[in-house]
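Please read it with the structure open.

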Amino acid sequence: MATYVARNGIGERQRRMEDFRFLTGHGTYIDDVNLENQAYAMVLRSPEAHADITSIDASEALALDGVLLVVTGEDWKAAGYGTIPTKSGVRNFKNGSDMKEPPHHAIAIDRVRYVGQPVALVVAESLDICRDALELIEVDYASLPAVTHQSEAIKDGAPQIWDIAPNNICLDFELGDEEAQKKAFAAADHIITLELVNNRVTAAPIEPRGAVADYDAATGKYTLWNASQNIHANRDIIADNVLKIGKENLHHIAPDVGGGFGGKNGVYQEPILILHAAGQLKRPVKWINDRAESFLSDTHGRDQVSSVQLALDADGTFRGLRTETVGNLGAFCGTVGPFTPTGGSSRTQGGPFKFDAIYYTAIAPFTNTCPLDPYRGAGRPEGSYQMDRIIDFAAAKLGMDPIELRRKNLIPAADLPMKSPMGLDIDCGNFPAVFEQTMQLSDREGYAKRKEATEAKGLKRGFGVCMYLECTGGGPKEEAKVVFRDDGKVELSVGTASTGMGHETVFAQLLAGHLGLPMEDIEFHQSDTDATSMGGGHGGSRGLEVGGSAVTQTSRQIIEVGRKIAAHRFDVDAAKVDFEEGRFHVPGTNHTMTIRDAIDAQNDPDNLPDDLEPGCMNITSVFERGIISIPNGGHACEVEVDPDTGTVKVDGYWVVDDFGTIVNPMLADGQVMGGIAQGIGQALMENIVYDESGQLVTGSLMDYALPRADDMPKMVIGYYEDAPTEKNILGVKGAGEAGCVGAPPAVVNAVCDALKEYGVHHIDMPLTPERVWRAIQDAKAES
Amino acid sequence: MYDFGIKSPGSVDDVKAALAEAEDGQFLAGGQTLIPVLKQRLAMPSDLISLGRVEALSGIQAGGDSISIKAMTTHATVAANNDVKSAIPALAKLAGGIGDPHVRNRGTIGGSVANNDPAADYPAAVLGLGATVITTEREIDADNFFTGMFDTSLKEGELITEIVFPIPESAGYIKFPNPATRYALVGVMVAKIGNTVRVAVTGAGPCVFRVAEMEQALTASFSPDSIKDGLVAADDLNNDIHASRDYRAHLIGVLARRAVAEACA
């Protein structure tokens with residue numbers, strides 16, 4: 001079969017190339033990687049939230065037949081390994097002093113600081129022997145007082161987790177003009193304040209984390225297969241900072257990865273521990289996290305408590321916004337953890353709305369909980385929740401219409417380009433047009449009838465909106481490398497990392513579309529430090545923006561070289577050679593040459609002009625974006641609420657996204673749907689709960705509620721495509737995170753709209769049936 | 001899992017013999033609870049005695065005034081059975097709402113009832129419909145069967161062979177699923193049998209229980225309005241991250257009314 005893609009691959013509904021492999025059980029996920037003579041590893045995790053390790057006795061475990069190695073903090077100290085550094089983009093307190101970064105070792109040394117922290121690694125001939133050995137290791141702990149909630153952690157007298165961090169504060173932060181904000185507040189008619197919680201969640205990818213480490217004693221080189229989203233940067237940290245073996249001695253590969261959502265972004269302890277073990281044992285070592293361990297040890301997301309204040313005039317004009325947040329970091333600095341509640345949540349404050357001034361402050365404390373790191377959106381969902389909740393709350397308090405309040409305050413298209421009060425470069429877009437398109441898509445005219453039908457069932461119906469403003473992130477550079485093989489296959493290697501979202505399709509689509517080659521000829525490679533010299537992995541909705549631009553750039557360069565080869569053959573000036581649908585042609589002549597002819601010609605010097613070398617069409621190029629792009633859009637949601645039980649059903653969902661150019665609408669739809677599903681999950685049911693002693697209460701899928709397919713509404717998705725950005729070659733704005741940036745406020749706004757007749761104007765997420773029912777009871781009792 | 005042996009006898013007598021021979025044997029029915037428990041190393045039986053090959057333990061028989069379901073009958077079979085669907089539709093509905101398709105095609109009525117999980121559905125059916133549990137030793141009334149959390153009056157080595165449900169005049173079952181597990185956060189079975197009404201509640205307490213106040217009110221008048229709020233005290237109900245005891249107490253009233261409405265429909 002040969003599939004050709006038109007229009008340089010842009011706008012084509014190309015089906016996913018990877019799905020046949022995934023859906024027929026032929027993917028290579030981390031547990032499918034098995035090496036000859038491999039040993040197995042398991043981790044002994046701390047049962048204590050905060051305790052001194054007074055002794056570890058592994059002698060019985062070591063005596064067990066088949067146990068090869070037990071690694072503890074003492075071994076780590078003796079080896080002199082380095083710590084795992086944080087790469088947070090914000091590193092200084094408001095007063096300029098350095099953030100408090102405690103030493104994060106791959107294994108607990110002398111003290112544990114959260115339940116689930118690795119205390120020992122067991123390596124044995126089989127997993128069953130590992131399990132037996134874990135039960136034989138005796139660890140004595142001297143318990144210390146623990147603190148799990150960020151608001152408690154910063155109080156005087158709270159248990160201190162790190163000596164270097166008084167009141168457990170790792171970092172504080174500000175952005176915006178405080179004086180201007182105060183002035184705007186002083187001049188405004190109303191100031192509305194809302195305290196809200198952005199609940200703690202976990203990514204729960206369908207494939208748990210895992211890794212296989214190998215060591216080649218002959219060369220001194222290590223190889224690590226790792227279910228990771230970010231292999232280049234993490235290779236550097238693991239090899240250079242921690243193990244100190246030099247990054248050239250670590251080949252880091254991510255095979256097919258079954259979901260990441262940020263939870264597989266950071267550097268984790270276990271892959272480092274098994275690299276050490278593989279080096280010690282001179283044989284491969286495999287480790288796979290189980291689901292229960294995943295809840296304990298995968299970095300969590302969100303977890304902010306905030307106070308939001310909106311200052312507005314009597315006519316509804318927004319004047320100022322003031323947000324104060326406290327974002328939980330867990331027991332250590334995650335790989336970019338401290339950035340999330342500080343810089344991450346600050347940049348999109350104010351959303352697509354016009355303000356005289358905005359001032360944002362944050363405190364990021366340590367607690368005795370699993371470290372936090374980015375989770376799909378990494379701070380922007382928190383910002384959009386703050387913005388779109390305060391609008392509806394203010395509207396309710398002041399008797400205004402939340403739809404009209406938005407309509408009135410959206411930044412007019414004529415104001416773009418602009419720099420937002422948070423310093424964001426908003427180059428293009430049309431927020432009022434997106435808003436009206438969203439309203440139109442959501443069938444406002446039919447609402448009254450739907451509401452009537454809902455009420456006939458004894459239920460309440462509500463409608464909620466969110467107008468989100470997003471920004472992309474992650475590394476600014478990406479490499480795309482193309483090699484034409486003698487067997488006709490085209491190897492395309494890109495430094496981004498797909499965890500299932502379809503890079504194998506969209507990047508091939510761009511290359512095939514540009515060159516006029518069939519999709520099937522392209523063989524995609526990613527997430528391998530040998531395949532590309534650099535790579536920014538996955539995160540910040542950067543895949544298409546940076547990786548897709550790199551593929552496009554490389555494609556164009558290949559065509560230019562091909563044009564010279566064609567010009568050489570036809571003995572004309574290269575400027576006279578056209579290229580269209582895979583064919584070079586000299587207009588007005590019968591001189592044509594296919595791209596395949598040019599590829600076949602490229603290895604013979606006789607076919608080449610003097611300035612080209614054999615292999616000249618095998619091109620690697622690096623694209624670097626200057627400024628991050630600004631995706632934006634409107635979400636509209638309808639819910640049915642059962643007032644007798646508090647049950648919420650999302651009964652309709654409409655979204656219009658401005659992602660700039662849409663390269664593959666099916667993949668974009670998939671990103672939006674998945675993001676909305678996670679947003680609905682956070683809004684209605686997902687919640688990581690620690691008790692006061694630091695034990696994880698939601699340690700399994702029996703207690704952590706994940707949304708299921710039948711919790712999802714039908715989603716109607718539209719795009720606003722009249723504002724491609726000039727910040728990258730493709731004109732795209734990142735699509736990966738937007739769904740869960742917009743969904744939580746849209747859902748909560750809809751529920752509050754349904755319950756406004758009771759006087760319910762805010763409920764903290766997740767909106768579980770009991771919380772909704774209780775809010776109704778409390779409101780009834782008050783009135 | 002720890003190591004264990006497995007035996008698959010073909011008759012009830014051979015099952016008994018296998019258990020007697022085993023050092024610390026355990027019956028394996030559908031395995032939907034036991035296998036996860038073993039995987040987590042929370043149990044260490046010497047031998048599993050699988051009941052899957054005992055043909056006499058499987059099947060559904062409809063009589064004039066009762067339906068007998070053999071212990072190894074799967075939830076999916078009960079849900080799809082035409083006799084059950086026409087005689088006790090609430091029971092078919094209950095079975096069709098347990099777990100997911102995988103669970104329903106492996107899990108069995110005998111296994112579920114013997115396990116007596118406080119959030120399981122079947123105990124509400126057995127108690128609410130006033131069924132009789134028949135074992136290798138005797139017949140046990142539903143009212144004397146469920147004795148506490150994960151506890152029943154079954155003796156060591158006693159095996160459920162079938163459960164006999166009297167056919168009620170009408171019955172309704174409403175379950176409020178736990179959003180995480182989809183077990184019953186609260187489930188209420190209401191049945192009108194002759195002149196009596198039985199109301200059984202699962203999920204809300206440590207063990208399935210009847211609500212005498214509701215039964216009396218419904219015996220007087222079988223209508224949703226007969227059930228007033230506050231008939232169940234919250235004190236002894238379950239209290240966890242999914243639902244407080246007060247909320248569970250409230251749900252019992254709401255669901256009981258809906259179950260009566262379903263029974264009346």
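1. Start with a hairpin: strand 19 and strand 20 of chain A form it, with five residues between them. Gly488(A), in the turn, has a positive phi of about 95°. Helices (H or I, at least four residues) and strands (E, at least two) are DSSP runs, numbered from the N terminus. Two strands pair if DSSP finds at least two bridges between them.

2. A word on conventions. This is a predicted model, where local features need pLDDT of at least 70, side-chain atom pairs count only at pLDDT 80 or more, and totals for chains, interfaces and linings use all residues. Residues are numbered from 1 along each chain as its sequence is written, and chains are lettered from A and ligands numbered from 1 in the order in which they are written.

3. Strand 19 (residues 477-484) of chain A has two partners to look at. Five bridges join strand 19 to strand 20 (residues 490-494) of chain A, antiparallel; here Phe484(A) is bridged to Val490(A). Five bridges also join strand 19 to strand 25 (residues 620-624) of chain A, again antiparallel. There, Lys481(A) has Thr620(A) as its bridge partner. Strand 19 is mostly covered, with six of its eight residues buried. A residue is buried if 20 or more other C-beta atoms, placed from the backbone, lie within 10 Å of its own; it is exposed if 12 or fewer do, and partly exposed in between.

4. Helix 11 (residues 380-398) of chain A is largely enclosed by the rest of the structure, because 16 of its 19 residues are buried. Just after helix 11, Gly399(A) takes a positive phi of about 65°.

5. Now the nonpolar cores (sets of buried Ala, Val, Leu, Ile, Met, Phe, Trp, Tyr and Cys residues joined through C-beta atoms within 7 Å). The largest has 245 residues; Val747(A), Val751(A), Met189(B) and Val190(B) touch the most other members. Helix 19 (residues 738-754) of chain A gives the most to this core, with 11 residues. A second, separate core of 61 residues includes Ile53(A) and Tyr215(A).

6. Leaving aside neighbours within four places in sequence, Val747(A) is in contact with residues including Gly464(A), Cys637(A) and Ile680(A). Contact means C-beta atoms, placed from the backbone, within 7 Å.

7. The contact between the chains takes 14 residues from chain A and 11 residues from chain B. On the chain B side, helix 10 (residues 245-264) gives the largest share, three residues.

8. Overall, chain A holds 20 helices and 28 strands. Of its 783 residues, 56% count as buried.

How values were computed. Contact = placed C-beta atoms within 7 Å.
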